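Subject: Structure handover and notes

Hello,

Here is the structure we talked about. Please open it first and keep it beside you while reading the notes that follow.

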Amino acid sequence: MGSDPLIVTLGMFGSMLFLLILGAPLAWALLSVGVVFAYALWGAGGLELLAISSFASMDNFLLVALPMFIFMGLMLQRSGITDNLFDMINKVMGQIPGGLGMGTVIICALIAAMAGVSGAATVSLGIIALPSMLKRGYDKKLVTGTIMAGGALGFLIPPSVLMILYAFLSKDSVGKLFAAGLMPGLMLAGIYILYIYIRCKINPSLAPALPADEQVDWKGKIVSLKALILPGLLIGTVLTFIITGVTTPSEASAVGAAGSIVCAAIYRTLNWSVVKDVLMDTTKLMGMLIWITIAAVFFSRVYMGLGADMVLEEFIEDMDMSPYMVILFMLLCYFILGMFLDDFAIVFITVPLFVPIVEGLGFDTIWFAVLFIISMQSAYLTPPFGYNLFYMRSVAPPEITIYDLYKAAVPFIILQIIGLALVVAFPQIALWLPEYIYGPL
């Protein structure tokens, strides 16, 4: 086999996509393509790269944070905190048209800060909030769109598992990434809330207020806010430790995992069955992530070892694009890839290729990381294969079809693109907080 970079590029990525279309798991698709091309190009010696990549992938203390944060999110989810938060929102905002929808966005942001992944909030609130809002006469497309878009905030609001993987590959500071993601995440949540408020102000029938007999007085509302105390303390402690540098991200993740056990004990939901289920689910998810990590790092090293990454740089030079057009081209690639691949695949495949180019163009890689994460949020809602669409379909009642979900996602995709455009046009939305904490980046 020749080692022409263009042929290798087409061969490796074409083979990988072909295997994925056939239904092969991502890890095995990446690993098998990497092994075949390494052997074909360098013989048996090329397979030594697999061992080197495996040890290099695992020899990173940062990855210890992944199982801890996943454990924390799952334990908090099992502890009943989500149910208590929705009950609080029901009491505090239920009297406002669209109040439960706006409150659901707030809960999604809180669950994002507890779980670090997109699917947690989507599935949890699909089970808890969706039936409740439909029962109260909420429009099904508004409700499902709100939950799916709110669930995607798990990518951006720290502690985000995807940000940890991005930092692992780009060698950026996890604390700076977490700080950079916070303000854009809150901005997007605010945009969703404003959209729901305006729509419901124009047409209150989309999301009627609670009947008078279900509303509570101010005293009841204040009392219900106690549901925020435990998750607020835990989230605030973990993020403060990471962002201010009191602990490393891995150490802070251990604090979060221990704190989630304490929260479950306080809620009287801690028992051996819950611990066993959480440990098993964490192990399953981490097993998948570790195999993807090893396979993707090996795949990238085979590709980069040939100098094939120069194909992309030469393509950009030949197109004679301005620096910002290059960034938009990359974001478009993310948007398209997100329709077919999951976020873990995309981060491992593209970050080693794109980050050096971003640095070469003189852009801040922390800022680009936020653009990447927001693009992943949009991709997770984009038909036909956006992952949050299928998470929602798995818990939605039969009368809500996949086509309803496609329609529900469109307004929120537009809102996400608006949010992305704002961060592109005004980088300080992402960079102000890390610069304030750490100094000029």
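Ser 253 is a residue of helix α13; helices here are DSSP runs of H or I with at least four residues, numbered from the N terminus. Before going further, note that this is a predicted model, in which local features need pLDDT of at least 70, side-chain atom pairs count only at pLDDT 80 or more, and totals for chains, interfaces and linings use all residues. Residues are numbered from 1 along each chain as its sequence is written, and side-chain values use heavy atoms, with hydrogens and water left out.

Helix α13

Is Ser 253 buried or exposed? Ser 253 counts as buried, at 0% relative accessibility. The cut-offs are under 20% relative accessible area for buried, over 50% for exposed, and partly exposed in between, with a 1.4 Å probe and protein chains only. Setting aside residues up to four places away in sequence, Ser 253 touches Val 64, Ala 65, Met 68 and Phe 69; contact means heavy atoms within 4.5 Å.

The helix itself covers residues 249-266, which is 18 residues. From its first C-alpha to its last, α13 reaches 25 Å, close to the 26 Å expected at 1.5 Å a residue. That expected span is 1.5 Å times one less than the number of residues. The buried residues of α13 include Pro 249, Ser 250, Gly 256 and Cys 263. What do the buried residues of α13 pack against? They pack against α4 (65-78), α5 (81-93), α10 (174-202) and α12 (229-244).

Val 262 also belongs to α13, but Val 262 is partly exposed, with a relative accessible area of 48%.

Most residues other than glycine have a negative phi. Arg 268 has a positive phi, near 60 degrees, and comes just after α13. Arg 268 sits in the loop between α13 and α14 (272-305) and is exposed, with a relative accessible area of 78%.

Lys 171 also has a positive phi, near 65 degrees. Its place is the loop between α9 and α10, and Lys 171 is exposed at a relative accessible area of 65%.

Ser 170 is in α9 (residues 161-170). Ser 170 is buried, with a relative accessible area of 12%. Which side chain does the side chain of Ser 170 make a polar contact with? The partner is the side chain of Asp 172, at 2.9 Å. A polar contact is a pair of N or O atoms within 3.5 Å; within protein, one must be able to donate a hydrogen and the other to accept it, and residues adjacent in sequence count only if both atoms are side-chain atoms. Apart from neighbours within four places in sequence, Ser 170 is in contact with Val 351 and Val 355.

The salt bridge

A salt bridge is a side-chain nitrogen of Lys or Arg within 4 Å of a carboxyl oxygen of Asp or Glu. By this rule the count is 1 salt bridge. Asp 404 forms a salt bridge with Lys 140, and their closest N and O atoms are 3.2 Å apart. Asp 404 lies in α20 (residues 402-425) and Lys 140 in α8 (residues 140-151), so the pair ties together parts that are 264 residues apart in sequence. Asp 404 is buried at a relative accessible area of 12%, while Lys 140 counts as partly exposed at 30%.

A loop glycine

Gly 338 lies in the loop between α16 (323-337) and α17 (343-360). Gly 338 is buried, with a relative accessible area of 1%. Gly 338 and Met 376 are 38 residues apart in sequence, and their C-alpha atoms are 6.4 Å apart in space. Leaving aside neighbours within four places in sequence, Gly 338 is in contact with Ile 346 and Ala 379.

Regards

Terms used:
Helices (H or I, at least four residues) and strands (E, at least two) are DSSP runs, numbered from the N terminus.
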